[in-house]
Amino acid sequence: MTHQPETHQMDRLLFGDNQFFGVNHMSEDKARAQMMRFRDTGAIMEVLDQAYDAGIRTFMCTTHERIREVADVVRANPARYPDFLFYPCMPYAHKYANAMTDLGLVGAISSFLPEGGKMAAMLSGGMALAQKDAGSIARLLIDAEMKMFAGLKTPVIFLQNVFTDLMLGLGFTGAFRIFHDHVREKYGAEPGYITMNLPALYKALSEEGIENPVICANINKIGFRMCGGHQAYLDVLQNGRLQAVAMSVYASGAIPAEEAISWVTALPNLKSIVFGASSRGNILSTRDLVAQHWKHP
Amino acid sequence: MTKPPAAARTRIAVVGLGKMGLSHFAMVNAHPEVTAMACDAGGFLTDVLEKNIKAPVFRDYDAMLASEPLDAVLIATPSRLHGPMVRAALERGCHVFCEKPFTLDWRLSEELADLAEAKGLVNRVGYHYRHVGAFGEVARLLSAGAIGQVTHVLAEAYGPVVLAPKRSTWRSQKGEGGGCLYDYAAHPLNLLNWYFGTPVSVAGSVLAPIFSTDVDDQVMSTLRFANGATAQLSVNWSDDSQRKMTTRLTFIGTNGRIFADRQECQIYLRKAVEALPDIPQGHSVKYTTELTTDPWFYLRGEEYSHQIGDFVAEIRGEAPSGVPNDFRAAAQTDRTIAMILEDQAGLAAPPRPVSRRPETPRKRRFFGLL
């Protein structure tokens, strides 16, 4: 029973969350300074409010524990945030990696499931083989990750790049189909895939029969972390059928802002840009550059 | 990279689908010039993979070696098993990539290096930090004499592995090669070995548990190298102020200072050096992002892809990056680990004198008054 969601038109600018959680590709010191600044959810909300008031209403965020608090604030204040959209990105890889070290693979999976004990018993018990159905476990894990967004608008749900690229590398592309179907059927949302290997992922999704996918990847003028090659990315964007979301458009600051935005907004099939910022000035300057340069519909 | 026909691809089996093996398999499998297969004695994950991927999954290592025409194996099993599995592969003429630490006995490591070299087989060990742009830059700077005579080194690694008493795995058992020394400290030690060779003496080693029962969670030691440098090792895997493992190296020499981590290489030169026209006098920085090229496939950092890319390139007679990361180099690290263990147990030989260096001039005092 596949019901087609109403076509959701993604906004041109999406607000990312790396800056809130100490992810900085250039410097550990900067990352630590950001973690200190955003230790309170209030400090995160202050920046999100600045973005929202600047007309950037979509927050593309990992399913980090701290996001639960952001979701609670938005849920409790519908009058303040009538148009606030979440694009959840799952799974939050470090949460699973740490749990795997502590509990082992089966223990980690079980710990994230509502009926954890029962599942653990099933996985390790005699009925194991029949129950080793990756699909049913995956669906339960997706539901567990989505709990923090209950009652909120989540029109696009992303698979995180570490997981997408692990499945892509393993050749376990059936996982993309499982994710796609569950996100559509249960959440009426559009499934998205974050990757560091856009050309290879686009091919794998096509082979799984997933058409016109939402794919988020590094897309920037200098080819920073665009694996498979700059030209291969441009070929997919020019000749493929996809809804591309560009991240790292500034290549961690290596490209001047205006040059970066004017180049990326001219690309065909580009639907959105996701960017992170910690100050109102940077939010507004990115917004204004995009408004100025993004000519095509 | 264009995909060659199946017959022209390199056939590699990834052995052990644990924490490292699974991601190694994903990268090997994604390599356009490779036909990959997996081998693991079994368990939940192996069952799930077998049902869902195209690549063949074997259960028995020896049977696979006997039946499959393989070019190479990648060994990612618990450390204690590395020695016999590596030997079996070499004896069948397979090229070998082995996870770190190489073996738990440096004499065995040397023996396997001898065997691989005698047979002319490609042999590499998974010390991925050598493929991080910033640490490669350190090698270039030090070998060009950027900071003069290096006297003072700080080698650190911190991360959130053992934060409470926990269930037992091979990583928590000493005899299996578990513990912070083998798992974490091996990385900064391996980088020091790259820059300075094996230490001439080790002193003041402290290996202490914090939450673990059988193994060390923190390691400190003082290492002296033939070039006169003294390195302080400070490693702790019970530090959750770090989001993930962080390795940092600081070098002070007669002409300046270098600091490096995975992200960047910060340099201070008292005077510019002729051999390094790109490094100015004073403070400067190079970011890993500008020192690294994109690999064919990205999963968890370029360095993990590049170490496998090098292995495949060397097997295929293509040009690898030139980063030295073979059995012989890893054996130096196994030797260094053994020196630390002996020192901690009070078994170390008395330190040999370090090469004699000219005496440093005394600070001039103004008539002895200041």
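This report covers a helix pair, one alanine and a chain interface in a predicted model.

## Basis

In this predicted model, local features need pLDDT of at least 70 and side-chain atom pairs count only at pLDDT 80 or more, while totals for chains, interfaces and linings use all residues. Residues are numbered from 1 along each chain as its sequence is written, chains are lettered from A and ligands numbered from 1 in written order, and side-chain values use heavy atoms, without hydrogens and water.

## Two helices in chain A

Helix α12 (residues 257-264) of chain A packs against helix α13 (residues 280-293) of chain A. The angle is about 40°, and the axes lie 9 Å apart. The two helices are therefore oblique to each other (angles under 35 degrees count as roughly parallel, over 145 as roughly antiparallel, 65 to 115 as roughly perpendicular and the rest as oblique).

Ala257(A), Glu258(A), Ile261(A) and Ser262(A) in α12(A) meet Leu289(A), Val290(A), Gln292(A) and His293(A) in α13(A). Contact means heavy atoms within 4.5 Å. Of these residues, four are nonpolar, three polar and one charged.

## Ala189(A)

Ala189(A) sits in the loop between α9 (174-187) and β5 (190-195) of chain A. Ala189(A) is buried, at 1% relative accessible area (buried means under 20%, exposed over 50%, partly exposed in between, with a 1.4 Å probe and protein chains only).

## Where the chains meet

Chain B brings 36 residues to the contact and chain A brings 41 residues. About 3400 Å² is buried between the chains (accessible area, 1.4 Å probe, lost on being put together, summed over both). Carbon and sulfur atoms give 56% of that area. Phe44(B), Arg243(B) and Tyr298(B) supply 22% of the area that chain B buries against chain A, more than any other three residues.

Conventions
Axes fitted to C-alpha atoms, helices over the stretch in contact; angles between N-to-C directions. Helix = DSSP H or I, 4+ residues; strand = E, 2+ residues; numbered from the N terminus. Nonpolar A, V, L, I, M, F, W, Y, C, P; charged D, E, K, R; others polar. Buried area = accessible area lost by both parts, 1.4 Å probe.
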